[in-house]
Amino acid sequence: MAAAAPSPDPLDVAAEATRGLRGLSTELTARLPRLLEAMRSLGDGPDAHTVLDRIVRTAAELVGARRAVIGVYHADGDAAGGQGGLADVVTYGDTETDTETDRERCAALLAPSAAQPPGSYLSVPLRVGEEVFGTLCLAGKRDGGPFTESDRHLVEVLATEAGIAIGHTRVQGATRKRERWIEGSVAVTQTLLSGGAGEGPAVVAEKVRELADAVVGIVLLPEEGEGGLKVVAVAADERSGLLGVVLPARSPAVPRLLAGHPVVIEDPATDPLLGSGVPGRYGPSLMVPLSSGDRVVGVLATAREPGARPFTATERTLAAQFAAQAAVALVLAEAQRDRERLAVLEERDRIARDLHDLVVQRLFATGMLLESAERRSDAPEVREQIERAVEELGATIQEVRTAIYALQQTPPETPPGLRGRVLREVRAAAVPLGFQPSLTFVGPVDSRVGTATGAHLVAALREALSNAFRHARAERIEVVVDATGRLADGRPSVRLTVADDGVGMPAGGRRSGLTNLVRRAEGLGGSSGVGPGLGEDGRGTAVVWEAPLPNGGA
């Protein structure tokens, strides 16, 4: 592999740029050292705007101008938008002494087709290679005289060096930007393939928002049966209200996106592509398909603030490449998740077979032996104890068979947060109980109940369900989690109620489970107690566990 060519020495570049000045006026020749020093001071910068600041200052100081302005054109040549049709404007010099005529004249000179003015105004184009990327305008000499031909030559040479410096800075900036997007793609892929498939759309939305210097990142997935696109993940600093919004199939953007084509929108508030489904609170927007091969699995969208610069052609290309990589990662992560689900189901099936073939058969055989022993025994006490043991074995066999049935079922998807944890506890309790308790949520449980309180609530629920299984002999259990409750002193609370229609609490029975519930509640500043159950005339037990909400539930 050939070695990279060394960077040219700035002094060599300056000498080459000024070679054409030989033979010119003595005044110009005398000013060459100052020009060389000015060219050396340009150098490269961390970004184009920094280099432009140096250029405009150096130009004004070199020829003694009161004011200097550089106008930078849009990269795609579009003069619409920006500051007077410009992508960027950089100024230097006296602003307090500027006249309206000065400002109007400089504004006119910054247009690509401006005519050269006589006397106290001077403008030259700034080029990167063959591309004219801007115009340098100088207004009013400090000594009150006109700009001379020597001034023009000096500024033109400076403009040549400025083009070289800007070119270097652009290349470096493009390289850094490309590296950021590549690193972002790698980070998303690693996150999704390391077990984050369930949060995949949210991860992708947050990363594109970061990489695009945008205020929002959005992932949309095709809506089954409707033909539209539904927002499934939103990354933004403020509540956007976009989650769950559907971009209808009638929107002109939808068929284009589903066909694999990107959509660039300068102003979502007025652009007809989106139809009427999305709020117009954002500025320039970009929507790219999440494509894996010939399959469009979704759409990735990002938007900047109103009035912000539009997405450049380079940014659109980088976003499309990122979306393609993210789509592959999403598909692979989902396939990996399916394999893990299959492995879990196979293991559950194996456990179910072992329980049936080994445990149940042994328990059944033991029960038959006990029944045989019961028939041969003459002692009533022994016969009674054996009969009780046989009943317990029968109940145990029924519980094991219920567990086998539960293991053979496909586990339903469980939502995250406190709701999901409560659901898992209630579903797990169905195995020993032999039936599914009912479950009701009241109020915004996930958003109002803090992490610590939620952990205690789940533990209290587990204890209450365990008590119901071991002692109540219930046929019906109702669980209610209410995030809109109030304690006796008026503080907002979360209230857990576990009610059954069982035999109730026996007199003098052990109450260690209830004591644990009380201890948990009081440790949080709440309370716990029991009341009538669900059976006729209040038969059964209702455990009520309550704790205050953190920060008053705000």
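Ala, Val, Leu, Ile, Met, Phe, Trp, Tyr, Cys and Pro count as nonpolar, Asp, Glu, Lys and Arg as charged, and the others, Gly among them, as polar. The close-ups below come from a predicted model.

**View 1. Helices H6 and H7 pack at an angle of about 165°.** Helix H6 covers residues 149-193, and helix H7 covers residues 200-211. Their axes lie 10 Å apart. Angles over 145 degrees count as roughly antiparallel, so H6 is roughly antiparallel to H7. The crossing of the two helices is right-handed.

**View 2. Residues of H6 meet residues of H7.** H6 brings Arg-180, Trp-181, Gly-184, Ala-187, Val-188, Thr-191 and Leu-192 to the contact. H7 answers with Gly-200, Val-203, Val-204, Lys-207, Val-208, Glu-210 and Leu-211. By class, this contact has 8 nonpolar, 3 polar and 3 charged residues.

**View 3. The second largest cavity holds about 40 Å³ of space.** The structure has 2 cavities of 30 Å³ or more.

**View 4. The lining of the second largest cavity, by class, has 6 charged residues.** Another 3 are nonpolar, and no polar residue takes part.

Key: Residues numbered from 1 in each chain as written. Predicted model: local features only at pLDDT ≥ 70, side-chain atom pairs only at ≥ 80, totals over all residues. Heavy atoms only, no water. Axes fitted to C-alpha atoms, helices over the stretch in contact; angles between N-to-C directions. Helix = DSSP H or I, 4+ residues; strand = E, 2+ residues; numbered from the N terminus. Parallel < 35°, antiparallel > 145°, perpendicular 65-115°, else oblique. Left-handed = near helix turned anticlockwise from the far one by under 90°. Contact = heavy atoms within 4.5 Å. 1 Å grid on protein atoms, 1.4 Å probe; cavity = no way out; pocket = protein on both sides within 12 Å on 5 of 7 lines; lining within 4 Å. Points joined across faces, edges and corners; volume = space filled by probe spheres on them.
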